[in-house]
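Look for places where they pair up, then ask what each pair joins.

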Amino acid sequence: MGKLLPVIFVILGLAIGGGAGFFLRPAPPPPEEVAEGEAAAAATGETHATAEEGHGEEGGEEGVPTSEFVKLNNQFVVPLLDANRVRAMVIMSLSIEMPVGGTERVYAVEPRLRDSFLQVLFDHANNGGFEGVYTSTDKMAELRRALLENARSVVGPDVKSILISDILRQDS
């Protein structure tokens, strides 16, 4: 009986909790309110994006995306040197905005593109771009501009923009 009592308490607790959850759940909205809400949104021109519409992408007239984002496979690691010693590391993840269908072109030249981007990042680091408030608007705009120029020289003029999705500086 001593071993059976805890099992009974567990089953009783689960039953009481399930019953309370069932009786205390919120009531569903009446069907009339749902239909009125959708009609009001349609009348005012409000639409809500769905997962299929591609959040963050520019849409054409019919909601068809006109661009796609190509995430480069590996992060970029940039050492910050001081008197021949690594005093910090900057780690970045980059994506490239291309017209729809441009993903394969980016991946076809990714080794050359990574080499070009690393050279830009090393130059930015050597010029003090990652010193102080390295995420300021001016410094980030300068870095994006240089990366965009190099991306266009490697991939072609269809590159729309460069997105810096992650950036981290780790001091030693």
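This is a predicted model: local features need pLDDT of at least 70, side-chain atom pairs count only at pLDDT 80 or more; totals for chains, interfaces and linings use all residues.

**Salt bridges along the chain**

E131 is partly exposed, with a relative accessible area of 27%.

What does the side chain of E131 meet? It meets the side chain of R87 in a salt bridge, at 2.3 Å from N to O. Now find the two partners. E131 lies in the loop between α4 (110-126) and α5 (137-154). R87 sits in strand β3, residues 86-99.

Move on to D158. Its side chain forms a salt bridge with that of R105, at 3.0 Å from N to O. This pair also links distant parts of the chain. D158 is in the loop between α5 and β4 (161-171), while R105 is in helix α3, residues 103-108. They stand 53 residues apart. D158 is partly exposed, with a relative accessible area of 34%. R105 is partly exposed too, at 37%.

Next, look at R169 and D171. Their side chains meet in a salt bridge of 2.9 Å, N to O. R169 is partly exposed, with a relative accessible area of 21%. D171 is partly exposed as well, at 49%.

How many salt bridges does a search of the whole structure find? It finds four. Among them are E131 with R87, D158 with R105, and R169 with D171.

How values were computed: Residues are numbered from 1 along each chain as its sequence is written. Side-chain values use heavy atoms; hydrogens and water are left out. Helices (H or I, at least four residues) and strands (E, at least two) are DSSP runs, numbered from the N terminus. Buried means under 20% relative accessible area, exposed over 50%, partly exposed in between (1.4 Å probe, protein chains only).
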